[in-house]
Amino acid sequence: MALIAFYILSTIVVLSALFVVAARNPVHSVLWLILAFFTSAGLLVLIGAEFLAMLLVVVYVGAVAVLFLFVVMMLDIDFVALKQGFQNYLVVGALIALALLAEIGIVAAAATFGGGETFNASPGAPTNAEALSRVLYTDYLLLFQMSGIVLLVAMMGAIVLTLRSRPSVKRQNIAEQTGRKRKDAVELKDVRPGQGL
Amino acid sequence: MEKLLEISGNDLVIAILLAVAQILALVLIMLVCIAFLLLFDRKVWAAVQMRKGPNVVGPFGLLQSFADLLKFILKEIVIPAGANKTVFLLAPIITLTLALVGWAVIPVAPGWVVADLNVGVLYLFAISSLGVYGIIMGGWASNSKYPFLGGLRSAAQMVSYEVSIGFVIVSVLLLVGSLNLSDVVANQDGGIWNWHAFAFPTIFVMFPMFVIFFISALAETNRPPFDLPEAESELVAGYQVEYSSSPYLMFMIGEYVSIVLMCAMLTILFFGGWHMPVPIPGTENLPDWLLSLGGLLVFMVKVTFFFFLFAMVKAIVPRYRYDQLMRLGWKIFLPTSLVAVVLIGGYATFMNAQGRPDFDAMDADNSGYLEASELAAVTLPMGVDANNDGRISWPEYRRGAR
């Protein structure tokens, strides 16, 4: 049963990854990419890494891919112009593809011919989440904190780059707005006939 | 899930049939309940505006939703000429499917849950974060300006409020010490003073967290006052403008199913799930099925109460402006919930983890559970094994010690 599920899921992953590249419409490409992410989460569940599977869905499908889709939808893309550069990138693209293929080959060879260890998604703990947290918050605490700081710096950089003060824009100050009293805003004037203010 | 993967042959067929039967029963009962909740929503709205609401089809208009269903199904499906047909039709299907799939991990009564996942809370969070796709895809595929603007608004809004929902969920998980929703409910056993929203020292943090979760749930499901993706004064009907007949029906049912799912999450995370506000003595001797049925009833009453709150908010609160919505999500809810996670984390470390070394010492095979062999040496009070699975988990042990 696990084997059947594995073959169904991996076929979907490979096919949808293929369509990411082959689809003519970039929005369709992103949708295929989302399907590939989602099905990979299914593969992670199959090997017992349910925590990683959920994180993959939350982070990549729920947040990163939404932003991808957001950007791609707003781009006004000329498909003819997009296809023109194809041959220029062919050599570089082929090299990268070869390198990736070699890496996959090495991993597959290591799994097939290496030691006969069976894979365990949650070593030393009842659940995947607990196994991960036991190493993440003890042995790798420093690395964990450092990657957090790197992300924080990246976030602050993005904010600094896009934040500019525009004095001409009128902003709402809610405290000022709700704290306004009648005597500050309305004034009673005694206007004399024929004179005006 | 793991059990399904290990068995084969006749057992497998029976297991699959049983699972399908459970799923069908849950979906059917829920959809019928939703039909009446929809009418309830309209009746509450009408009552606030001093109208009668739907009252023609059946007694008190009880059959109104079924009449609407027939009307939606029998009308023609109009697909705009410039629309991207596949994505256009896929969008409502995705919305409805995702809304229904979330219910798989909701424990509606003691032991009554389709899939008792160890990462149930994360699963719910993941599924609710996918809900945005149906709306974005529908808005883009319509090839029309208002739906596109509605889709963009919705994407930004749902991504923003997911962050604070995530932190609120984390603070609940820190209190419980487990990602399993049944454990979350079991942690609130024994009366209203143990419910997460009201439990004594944490009430000062958890009750505001409950309010934040409630408001974020409104934004996450595009309910008023955060219904900017379908704001009729600005965008006609937002991402649903081009939809008609059964695709529109799917969007609408999907929306209501996810609203009720959010009500169920509020019930489970903060209001004790199926537990009574005050424990009734003598109920332990009743048969299991009767207890489950009573639990289901309590659960449904609580969900209906939260749905009533959703309906009242829709009736009495004016719509937010878009910059106010973003300000509320990023500048108020996000910092508040972050501080709450730190406070609750400190509380869990210093107050709630007492006894964990004893538990680990007893857990000789390091399995995270105290099995019968490990329990032989010690005597624990009766009823510690809350879910009757023959082994004691850490949350159960902690409650027993309390």
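Which residues of H2(B) are buried? In this predicted model, the buried set consists of B:Leu12, B:Met30, B:Ile34, B:Ala35, B:Leu37, B:Leu38, B:Leu39, B:Asp41, B:Val44 and B:Ala46. The helix that carries these residues, H2 of chain B, runs over residues 10-48 and contains 39 residues. From its first C-alpha to its last it reaches 57 Å, close to the 57 Å expected at 1.5 Å a residue. Just after H2(B), B:Met50 adopts a positive phi of about 55°.

The interface between the two chains was examined next. In chain B, 37 residues are in contact with 31 residues of chain A. The size of an interface is often given as the accessible area lost when the parts come together. Between chain B and chain A, about 2,800 Å² is buried, and carbon and sulfur atoms give 75% of this area. Zero salt bridges are counted between chain B and chain A, while three residue pairs, both members at pLDDT 80 or more, are in polar contact. On the side of chain B that touches chain A, at least two residues each are supplied by helix H1 (2-6), helix H5 (120-130), helix H6 (132-141), helix H7 (145-176) and helix H13 (322-352). The residues of this side of chain B comprise 24 nonpolar, seven polar and six charged.

Two individual residues, one from each chain, were considered in turn. B:Asn180 is located in the loop between H7 and helix H8 (181-186) of chain B. B:Asn180 counts as buried because its relative accessibility is 8%, and the cut-off for buried is under 20%. Leaving out residues up to four places away in sequence, B:Asn180 touches B:Asp116, B:Leu117 and B:Asn118. B:Val105 is 75 residues from B:Asn180 in sequence, yet the C-alpha atoms of the two are 9.0 Å apart in space. A polar atom of the B:Asn180 side chain also lies 2.8 Å from the backbone nitrogen of B:Ser182.

In chain A, A:Thr39 is part of helix H2 (residues 26-46). With a relative accessible area of 6%, A:Thr39 is buried. Apart from neighbours within four places in sequence, the contacts of A:Thr39 are with A:Leu9, A:Ile12 and A:Val13. A polar atom of the A:Thr39 side chain lies 2.4 Å from the backbone oxygen of A:Leu35.

Definitions and conventions: Residues numbered from 1 in each chain as written. Chains lettered and ligands numbered in written order. Predicted model: local features only at pLDDT ≥ 70, side-chain atom pairs only at ≥ 80, totals over all residues. Heavy atoms only, no water. Helix = DSSP H or I, 4+ residues; strand = E, 2+ residues; numbered from the N terminus. Expected span 1.5 Å × (residues − 1). Buried < 20%, exposed > 50% of the residue type's maximum accessible area, 1.4 Å probe, protein only. Contact = heavy atoms within 4.5 Å. Buried area = accessible area lost by both parts, 1.4 Å probe. Salt bridge = Lys/Arg side-chain N within 4 Å of Asp/Glu carboxyl O. Polar contact = N/O pair within 3.5 Å; in protein donor to acceptor, adjacent residues only side chain to side chain. Nonpolar A, V, L, I, M, F, W, Y, C, P; charged D, E, K, R; others polar.
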